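Subject: Structure for you to look at

Dear colleague,

Please read them with the model open beside you.

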Amino acid sequence: MSRILVTGGSGLVGKAIKHVVETEPEGSPFAKRAGEEWIFASSSEADLRDPVATEALFDKYKPTHVIHLAALVGGLFKNMKYKLTFLRDNSLINDNVLRSSYTHQTSKVISCLSTCVFPDKVEYPLNEEKIHIGPPHDSNFGYAHAKRMVDVMNHAYKEEFGCNFTSAIPTNVFGPYDNFDLEDSHVIPGLIHKCVLAKKNGTPFVVAGTGKPLRQFIYSYDLAKLFIWMLRNYDDVEPVILSVGEDEEVSIKQVADAIVKAVGFEGNYSFDTTRADGQFRKPASNAKLLGLVGKFEFTPFDQALDETVKWFVTNYDNARTGSKK
Ligand SMILES: NC(=O)c1ccc[n+]([C@@H]2O[C@H](COP(=O)([O-])OP(=O)(O)OC[C@H]3O[C@@H](n4cnc5c(N)ncnc54)[C@H](OP(=O)(O)O)[C@@H]3O)[C@@H](O)[C@H]2O)c1
């Protein structure tokens with residue numbers, strides 16, 4: 001009998017894992033197996049910043065495995081404004097989850113880092129060896145340091161207590177159940193919401209920047225499968241980058257074009273080149289992942305985007321959109 005506790009089970013990635021384990025056909029390597037119980041915890045069930053609440057959650061479920069996704073996440077503005085809160089909240093959450101996993105003799109923990117944790121000044125492509133070789137970008141100083149400490153703690157737990165704790169490093173994730181807030185969201189959900197509104201209101205669709213920067217995006221359902229693969233097959237403390245290949249970078253213009261097509265927007269569409277672009281590219285290598293997992297079929301970007309747009313339009317009233325609609 002395995003009891004798999006997914007912290008952050010109500011978020012973008014948590015909902016994707018739930019979807020995949022519940023909908024994959026029998027026989028699929030990602031389907032729920034006989035004897036498995038999956039628990040998806042949200043912050044309303046336990047505030048993981050609180051050690052007592054965290055212990056109570058572990059006492060209640062006694063998980064054999066943990067996929068630890070819960071985190072205070074946010075866009076650039078929020079990260080810059082609340083550096084200490086990002087550092088403290090995430091450090092507390094991570095320390096409590098790893099500590100309770102240890103005290104409850106959980107046989108495996110996979111924690112979620114992010115490619116944001118990598119050094120600001122670094123040679124590309126990013127790979128698993130480069131996490132600690134320089135300071136992170138100042139804009140996500142708190143979040144990045146808290147996440148880096150998970151890797152440090154995983155090694156310390158292994159060395160002192162022999163724990164099987166490891167971490168995954170996804171690139172930019174998108175999919176159903178994302179945060180579609182117009183101001184505090186990632187680029188894809190933010191642009192989808194903007195384009196849907198432009199269509200509804202008959203207003204222009206304006207994309208900030210030149211559209212030239214390149215990014216690697218992973219569909220949340222593909223990421224979910226890779227977490228399930230890690231849970232079942234990967235027992236090393238060293239992290240693994242979970243990403244599409246470097247040859248699958250897409251430009252922000254390609255993203256915006258695909259959104260326009262998926263939304264069916266026919267109005268005025270342009271780029272506001274007076275707005276900052278951010279870094280041109282920051283490719284991450286998925287060589288380690290592919291070497292371990294063998295062949296993995298990533299969902300084509302346009303198809304994943306189309307599914308995400310359809311989900312957002314269908315679930316508009318319940319999607320996370322902040323207060324501005
Ligand atoms: N989205 C990306 O592009 C991306 C990229 C790389 C890495 N990641 C990482 O992936 C993981 C999941 O992110 P996501 O995109 O799914 O984020 P999300 O949609 O914002 O979900 C965050 C989850 O964390 C939970 N949470 C937040 N504070 C909590 C607390 N104090 N106690 C308990 N639970 C708490 C939330 O619960 P409630 O909703 O119930 O409050 C929610 O389930 C995070 O570790 C993030 O750093 C995300």
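Please keep in mind that this is a predicted model. Which residues in H1 meet which residues in H7? On the H1 side they are Leu12, Val13, Ala16, Ile17, His19, Val20 and Val21, and on the H7 side Ser220, Tyr221, Leu223, Ala224, Lys225, Phe227 and Ile228. Sorted by class, this contact of H1 with H7 is made up of 11 nonpolar, two polar and one charged residues. The axes of H1 and H7 (residues 220–233) are 8 Å apart and the two helices pack at an angle of about 75 degrees; because angles of 65 to 115 degrees count as roughly perpendicular, H1 and H7 are described in that way.

Neighbours within four places in sequence aside, Ile17 is in contact with Val6, Ile67, Ala224, Phe227 and Ile228.

The ligand is surrounded by 26 residues, the closest being Gly8, Gly11, Ser42, Ser43 and Ser114, and the shell divides into 12 nonpolar, 12 polar and two charged residues. Helix H1 (12–23) and strand E6 (172–174) each supply at least two residues of that shell, and H1 gives the most, with three.

With best wishes

Technical notes:
Residues are numbered from 1 along each chain as its sequence is written. This is a predicted model: local features need pLDDT of at least 70, side-chain atom pairs count only at pLDDT 80 or more; totals for chains, interfaces and linings use all residues. A residue is near a molecule or strand if its C-beta atom, placed from the backbone, lies within 6 Å of it. Helices (H or I, at least four residues) and strands (E, at least two) are DSSP runs, numbered from the N terminus. Ala, Val, Leu, Ile, Met, Phe, Trp, Tyr, Cys and Pro count as nonpolar, Asp, Glu, Lys and Arg as charged, and the others, Gly among them, as polar. Axes are lines fitted to C-alpha atoms, for helices over the stretch in contact, and angles run from 0 to 180 degrees between N-to-C directions. Angles under 35 degrees count as roughly parallel, over 145 as roughly antiparallel, 65 to 115 as roughly perpendicular and the rest as oblique. Two residues are in contact if their C-beta atoms, placed from the backbone, lie within 7 Å.
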